[in-house]
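Please read the following account with the sequence and the coordinates side by side. It begins with the chain as a whole and then takes up the helix pairs in turn.

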Amino acid sequence: MADIDIPPHILELERAAWAEQQAGALTLATAEAVQAAYRRHGVSGVSRLEMEMATKKAVRHPADEQPGA
């Protein structure tokens, strides 16, 4: 996957959602906030799905993003 510049606010929302998921306590409000951020964020050449996949990978598998990992 190509390098995608993920806005910090989307990373923060996804981290909050992932933490709630790991605790078994994901709320509808958190899930909606994350999805709304993906829908609002329009980047030329980057689809909403590509942005979401890159963000989830960065949040859930941070070691994959480091050089030499």
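Of the 69 residues in the chain, 25% are buried, where buried means under 20% relative accessible area, exposed means over 50% and partly exposed lies in between, with a 1.4 Å probe and protein chains only. The model is a predicted one, in which local features need pLDDT of at least 70 and side-chain atom pairs count only at pLDDT 80 or more, while totals for chains, interfaces and linings use all residues. Residues are numbered from 1 along each chain as its sequence is written, and side-chain values use heavy atoms, with hydrogens and water left out.

The chain holds three helices and zero strands, and its elements run α-α-α from the N terminus on; helices (H or I, at least four residues) and strands (E, at least two) are DSSP runs, numbered from the N terminus. Among the contacts in the chain with a separation of 6 or more, 57% are between residues 24 or more positions apart, a contact being heavy atoms within 4.5 Å.

Two packed helices are described by the angle between their axes and the distance between the axes. Here the axes are lines fitted to C-alpha atoms, for helices over the stretch in contact, and the angles run from 0 to 180 degrees between N-to-C directions. For H1 and H2, the axes come within 9 Å and cross at roughly 150 degrees, and the two helices are therefore roughly antiparallel to each other, given that angles under 35 degrees count as roughly parallel, over 145 as roughly antiparallel, 65 to 115 as roughly perpendicular and the rest as oblique. Their crossing is left-handed, a term used if the near helix is turned anticlockwise from the far one by less than a right angle, with right-handed used if clockwise. In this contact Ile10, Leu13, Glu14, Ala16, Ala17 and Glu20 of H1 meet Thr30, Ala33, Val34, Ala37 and Tyr38 of H2. By class, the residues of the contact of H1 with H2 are eight nonpolar, one polar and two charged, where Ala, Val, Leu, Ile, Met, Phe, Trp, Tyr, Cys and Pro count as nonpolar, Asp, Glu, Lys and Arg as charged, and the others, Gly among them, as polar.

How does H2 sit against H3? Helix H2 (residues 28–40) and helix H3 (residues 48–60) pack at an angle of about 130 degrees with their axes 9 Å apart, which makes H2 oblique to H3, and H2 passes H3 in a right-handed crossing. The contact is made by Gln35, Tyr38 and Arg39 of H2 together with Arg48, Met51, Glu52 and Thr55 of H3, and its residues divide into two nonpolar, two polar and three charged. The buried residues of H2 are Thr30, Val34, Ala36, Ala37 and Tyr38, and they pack against helix H1 (8–22) and H3.

The remaining pair, H1 and H3, packs at an angle of about 60 degrees with axes 10 Å apart, so H1 is oblique to H3, and H1 passes H3 in a right-handed crossing. Here Ile10, Leu11, Glu14, Arg15, Trp18 and Gln21 of H1 meet Thr55, Lys56, Ala58, Val59 and Arg60 of H3, and the contact of H1 with H3 has five nonpolar, two polar and four charged residues.

Glu14, placed in helix H1, is buried, with a relative accessible area of 1%. Not counting residues up to four places away in sequence, Glu14 touches Val34, Tyr38, Thr55, Lys56, Val59 and Arg60.
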